[in-house]
Amino acid sequence: MATVIARPAGASKPVERYDLIGVAHGRLVVLLLLFAAMTAVLAGKMLWMGISHGSGNGGIAAGGMAPPRADILDRNGEPLARTIDAYSIAVRPDRLIGDPQDLADRLHDIFPDTSAGDFYRLLKPGNGRKWAYLRRRALPEQVAQVNALGEVGIEFPREKERLYPQRTLAAHALGFTSVDGRGDMGVERAFDARLTDPAQRGNPLVLSLDARVQGVMESELYQGLTAQQARGAAGLVMDANTGEVIAMASLPVFDPNKLDNRTQDARRNDIVQSTYELGSTFKPLAIAAAMDAGVVTSMSKRYDATAPLAVGGFHIHDDHPMGRWINVPETLIHSSNIVTARIADELGSARLMAAYRLLGFDRRSEIELRERANTQWPRAWGRLTNMTVAYGHGIAVSPLHLACAYAALVNGGLYRPATMLKLREDQIPAGRRVFSAATSARMRQLLRLIVLDGTGRSADAPGYRVGGKTGSAEKAVGGGYAHHSLVTTFAAAFPMDNPRYVIVVMMDEPKGNAETHGLRTAAWNAAPVVRRVIERAAPMLGVFPEANRDVDVSELTPLLAGGKIED
Amino acid sequence: MIAIKRLKNILWILVVAFGALTAYLVSLRVATERNAVQALERKIFAVRAENRYLETEFEARANMRQLEAWNSSDYRYVAPQAAQYLPDERALAHLDGVRSNGEIYVAPPVMMAMADAEDAQPEAAAPAPAPVPASPAPAQIREDDTILRAAAAAAAPAPARPRTVEPRPARMAAAEPQPVRRAANPVARKAARMALLDAQLLDDRTLRDLGARAAAESGTRNR
């Protein structure tokens, strides 16, 4: 009999086997869980990507349209300033293959305004610079030409650039931006916050300017300037009933796309930045104030213009002495300083000062531009000052002040601040009353009469019912007046039966020419510019000429004809 | 029973798996579409940017000063004068310079001119002029007149309005078209318009000149 001896140690064996299976199970489960978790993570990630991917990115694509600085448009949607991806040309001198001198010569052929020496300095390998601009702004053809040179060291990065497609047009009103993208002048400066505001920069800023009218104004001003060899000229067209500036030109001009130090002087915007003694153009304002105050009770009331008026050792002369007693229409038509001074004297300094204050002559203009000059308000308003100020001497304001005042004078007597923004119907300010409606109506007749029979005849654009007043003032130089340097102004409104636009043209030191018989007064230089601008621009503004329609001035004409009857 | 239960479990698993797969496929599809849309949006953005660039380039090339320079060098357009504007439709209707005779809108008869021409040159008519090739105009005008008269007759009896007529030869007076009320009927209106056209093209003076010249030519040929 065989005896089987079994080892007693078998008691732990089933436990161990059981454990092994358990461990394997456990490991499998863990592995399974890991796989499941991984799959879940992947699926979740995929689902999340599928669901949330688009919504986040669509916003970026839409927001990408917004330029870093809002466009500027004119009132008809014509772009005046835009930010575009412009080409620039840059160089890495250490990567250049060709000969720098040869390359510089060829670059000079493409860009004739930069010398080959300047290019060579930038291209020279040992100049210590790793990267330099050859050109901040280049045309696509120029980029293609430079690219054709086949130089690997030259790059063409595209950068956001502020571009003014109309170049010099309305440059003073628009201004420009500095290299770091801040507005430095004009509208760019005044509306810098609005233009760069992320919430608003997608919407272009719409100005009140009309590029076509601006173009007409600048070209006619330029022709007048060259014909008269004037030092400068400025012109303004303004909506008489809203205060919107339709055109604002100042000559000489500069190109905001190409700024350099040579244009420093040309950057002065004479419409808002300079003040002038605007002379006789003030007479209608002073006389209107006198009419409102009840000093001028009748158009036929006569004043003594027989001799120069002596006030405190100072003599007030007329340019064309009448040598007789003249009434109010004659005063304006012949632009009599003496009678205007007499009327102002009757009016008194307090009331004239109040009227001028109402017209805003004692402070900066309300326009949004930041380069507004302060006016030169007389320090002491004595009797003599009161008289000279009435005919525009001893007080200096900007042409914009004058335009606003004329708008109030003709539009029924309401003063509205000038604005560079296009206004909607509901945004037009109510305005403050400066003159009574009756005075305004009478002034419309008188201004029309000046153009029909007086000094403003050369501004009479047929059919447009222009009315306005000339002004030729000697420039104040170093405490005295320079007798041979005039500032001539013509301030007008049209059509005079229902004034819609005010236009002011100013010439700085016109010399006169053969065509004007060497005469330099406003009737010979500023007024013809006004006529040509109106003839060209008025149809664009919706004012059409009507040959058989005019302002009724029949009640005033007899007063002119009766001038021969001496008292 | 157990088999069916197991099968049921597997079926459930299959259904859930299928559902999950479908959902995933749908989301995948959506994601693809979304990506395509985004690509398109990017493309639109790029095209818009390009458009903007080209537009700006165009504006820069066609700026006001450039247009002005072109105008002064090549085109020389000037602003229209006040006389070139018309205030209203009435002025536009009067633009051709033919005045209607009150309500009646009939052109002056063109035949007048021929008669005048004959009267003005009696000596040329005397020596039996050579047969001048007859202008079709008189026949045409006569035809127009008959149409006019027919139209006038067809229309309601027009009140005999007194017309200021210059003295003219009786022969011609017979051919004077009767006054026709405006808008009497379309035929009359058309005829009137045709007559008006004639009047514009061949007014009295032109026809008189033509007649005089024809008579003079025939006279020289006879001599």
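Which residues lie nearest the centre of the second largest pocket? This tour of a predicted model begins there.

**Stop 1: the second largest pocket**

Select A:N337, A:H393, A:S472, A:A473 and A:E474, which lie nearest the centre of this pocket. The pocket has a volume of about 1300 Å³, and 46 residues line it. Next, colour the elements of chain A that give two or more residues to this lining: strand 11 (314–316), helix 14 (383–390), strand 15 (467–477), strand 16 (480–494) and helix 17 (522–537). Strand 15 of chain A gives the most, with six residues.

**Stop 2: the largest pocket**

Proceed to A:R136, A:R137, A:E161, A:N257 and A:K258, the residues closest to the centre of the largest pocket. About 1600 Å³ of space lies in this pocket, and its lining consists of 41 residues. Display chain B as well at this stop, for helix 1 (2–61) of chain B is among the elements that give two or more residues to the lining. From chain A, the elements that do so are strand 2 (79–91), strand 3 (132–138), helix 4 (140–147) and strand 5 (158–163). Strand 3 of chain A gives the most, with five residues. By class, the lining of the largest pocket holds 16 nonpolar, ten polar and 15 charged residues.

**Stop 3: two crossing helices**

Now select residues 283–293 of chain A, which form helix 10, and residues 437–453 of chain A, which form helix 16. At what angle do the axes of these helices cross? The axes come within 10 Å and cross at roughly 145°, and the crossing is right-handed. To view the contact, show the side chains of A:P284, A:A288, A:M291 and A:D292 in helix 10, which meet A:T439, A:R442, A:M443 and A:L447 in helix 16. The residues of this contact comprise five nonpolar, one polar and two charged.

**Stop 4: a residue in a loop**

Finally, centre the view on A:I428, in the loop between strand 13 (414–415) and strand 14 (432–433) of chain A. Select A:N241, A:T242, A:R416 and A:L423 to see the contacts of A:I428, leaving aside its neighbours within four places in sequence. Of these, A:R416 is twelve residues from A:I428 in sequence, and the two are 8.7 Å apart in space, C-alpha to C-alpha.

Terms used: Residues are numbered from 1 along each chain as its sequence is written. Chains are lettered from A and ligands numbered from 1 in the order in which they are written. This is a predicted model: local features need pLDDT of at least 70, side-chain atom pairs count only at pLDDT 80 or more; totals for chains, interfaces and linings use all residues. Side-chain values use heavy atoms; hydrogens and water are left out. Axes are lines fitted to C-alpha atoms, for helices over the stretch in contact, and angles run from 0 to 180 degrees between N-to-C directions. Helices (H or I, at least four residues) and strands (E, at least two) are DSSP runs, numbered from the N terminus. A crossing is left-handed if the near helix is turned anticlockwise from the far one by less than a right angle, and right-handed if clockwise. Contact means heavy atoms within 4.5 Å. Ala, Val, Leu, Ile, Met, Phe, Trp, Tyr, Cys and Pro count as nonpolar, Asp, Glu, Lys and Arg as charged, and the others, Gly among them, as polar. On a 1 Å grid over the protein atoms alone, a cavity is a set of points where a 1.4 Å probe fits but cannot get out, and a pocket is an open set with protein on both sides within 12 Å along at least five of seven lines; lining residues have an atom within 4 Å of a point. Grid points are joined across faces, edges and corners, and a volume is the space filled by probe spheres set on the points.
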